[in-house]
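Visitor: I would like to learn how to read a few features of a protein model, taking them one at a time. Could you take me through them with the coordinates open beside us?

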Amino acid sequence: MVRKTDTIGARIRYWRMRRGGMSQAVLAGLAGVSQSYISQVESGRKTIDRRSTLVAVAAALQVTVADLLGQGTETGDPAREHAAERVPAIWSALIEIEDGARRVPTRTPQELDAGVARSEQLRHRSNFPAMAQMLPGLLLDAAASGGTVLVRVAYQASACLRHLGYRHLALNAARVAVSAAEDVEDPAWLGAARFAYAQSLPIESASLAARAADRSLAALQSAASDERVRQMLGQLHLSAALASTVSGRPDAARDHLTEAGQEAATLGDPQDGVGFNGCGFGPTNVVLWEMSIAGESGEPGRVIELARTVRPQVLAASIRQMSYWLDLGRALADSGRRDGDALGAFVRAEQAAPVPFSLNPLAQDAVVAMAQRAKRRAVPHELRLLAGRLGITLAP
């Protein structure tokens, strides 16, 4: 039925075999799940819905979560390959900037401002391959200029690299942003840079990400009269809430969600759908993060309930709209009894942000799982088309 070798389940089986032919039962015991669960994941009949489970399985196999997700390593997707061509140059630029080297700029100040604005537009549209083409030169020119412009471009680079699966390089870019923001001494941009840092840490470091967000929250409180800072305080609370959930601290997660909700209630959704630095902080974004946290907590019913309360299109960033539909689709697909509704949600997620959806291994696995469940009946035409766009070949 399904001809695809690069699913998460296939990678788990590959690494299990590499570990001396470790049995499914042994892996399940080490990861704290059932043997039948591992079997279903490896066969593609079930997806891994929780980051904490990915962390546990990766630790049991002595690999990284990125190894299981295939992020930043696998070829075959045109969007990933187009971006990958520029990743070495982005890495080189980041190393040069961290080393303190500064070149003569190739752009006038006006041209640099236009380039930064163009990169920001591409970020809102989730066109990360196009961003990657711009970033090497833009980073070097921003470093020559220094100040806020370097913070902005390094932040953009971090977001781009993270969404393309190069989380280790995203962390480098976030460090550049933090260093530049500390020189600028603008609390709002320091909050944005530290948010990027917390977001770029590997999933295995969720507890560290939560602590990093906590430290940033404490450092920014004295500047909370600035509305831009309040937006970043809200984003940091959301980041800490998700990281706390992944690291098994639900009480801390609830506290951070409460704080974010209170901040959002006083600010409202950004009128332009963007907000400071494109973060889009407000009541809508809080609900979207709450949906992700409910999914991580193993509460698909709660995800569906929350989805009814929010309109993601009020936010300009297409990645947030995709997140809504992807989280909803995975929740609908959880029981296997609402695959038709789940398919509709996945199609909406792809329409919102085609590139990040096609690069998302969790989206790919959800489609594979639905196809496996449909193998005793005719696979719906829409599912076959969506699978094809994701590079998944289904038998006729």
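Visitor: Is His256 buried or exposed, and what is its relative accessible area?

Guide: Keep in mind throughout that this is a predicted model. A residue counts as buried when its relative accessible area is under 20%, and His256, at 10%, is therefore buried. His256 lies in helix H15, which spans residues 250–267, and, leaving aside neighbours within four places in sequence, His256 is in contact with Asp214, Leu217, His237, Ala240, Ala241 and Ser244.

Visitor: How should I read the pattern of buried residues along a helix, and which residues of H1 are buried?

Guide: The general idea is that an α-helix has 3.6 residues a turn, so residues three or four places apart point the same way. In helix H1, residues 8–18, the buried residues are Ile8, Gly9, Arg11, Ile12, Trp15 and Arg16. Seen down the axis of H1, these buried residues fall within an arc of 160 degrees, and so they line one face of the helix. They pack against helices H2 (24–31), H3 (35–43), H4 (51–61), H5 (65–69) and H21 (361–373). After H1 comes Gly20, whose phi is positive, near 70 degrees.

Visitor: Which residues of H2 are buried, and which exposed residues does the face turned away from them carry?

Guide: The buried residues of H2 are Gln24, Leu27, Ala28 and Ala31. Around the axis they cover an arc of only 100 degrees, which puts them on the same side of H2. The face turned away from that buried side carries the exposed residues Gly29 and Leu30, while H1, H3 and H4 are included in what covers the buried residues. H2, too, is followed by a glycine with positive phi, namely Gly32, near 75 degrees.

Visitor: Which residues other than glycine have a positive phi, taking Gln62 and Ser126 as cases, and are they buried or exposed?

Guide: Gln62 has a positive phi of about 60 degrees although it is not a glycine; Gln62 is found in the loop between H4 and H5 and is exposed, with a relative accessible area of 65%. Ser126 likewise has a positive phi of about 60 degrees without being a glycine, and its place is in the loop between helix H8 (109–124) and helix H9 (128–145). Ser126, however, counts as buried, at 2% relative accessibility.

Visitor: How do I describe the packing of two helices, and at what angle do H16 and H18 pack?

Guide: One gives the angle, the axis separation, the handedness and the residues that meet. H16 and helix H18 (residues 318–333) pack at an angle of about 35 degrees, with their axes 10 Å apart, and H16 passes H18 in a left-handed crossing. Asn285, Leu288, Trp289, Met291 and Ser292 in H16 meet Arg320, Ser323, Tyr324, Asp327 and Leu328 in H18. By class, this contact has five nonpolar, three polar and two charged residues. Asn285, found in H16 (residues 283–296), is buried, with a relative accessible area of 0%.

Visitor: And how many residues does the largest nonpolar core have?

Guide: In soluble globular proteins, nonpolar side chains tend to be buried together. Here the largest nonpolar core has 130 residues, and those with the most contacts inside it are Ile12, Leu61, Leu68, Leu139, Met291 and Phe357. Apart from this core lies another, of five residues, among them Leu171, Leu201, Ala209 and Ala210. Ile12, leaving aside neighbours within four places in sequence, is in contact with Leu27, Val41, Glu42, Ile48, Val57, Leu61 and Leu68.

Key
Residues numbered from 1 in each chain as written. Predicted model: local features only at pLDDT ≥ 70, side-chain atom pairs only at ≥ 80, totals over all residues. Heavy atoms only, no water. Helix = DSSP H or I, 4+ residues; strand = E, 2+ residues; numbered from the N terminus. Buried < 20%, exposed > 50% of the residue type's maximum accessible area, 1.4 Å probe, protein only. Arc of directions from axis to C-beta. Contact = heavy atoms within 4.5 Å. Core = buried A, V, L, I, M, F, W, Y, C linked by side-chain atoms within 4.5 Å. Axes fitted to C-alpha atoms, helices over the stretch in contact; angles between N-to-C directions. Left-handed = near helix turned anticlockwise from the far one by under 90°. Nonpolar A, V, L, I, M, F, W, Y, C, P; charged D, E, K, R; others polar.
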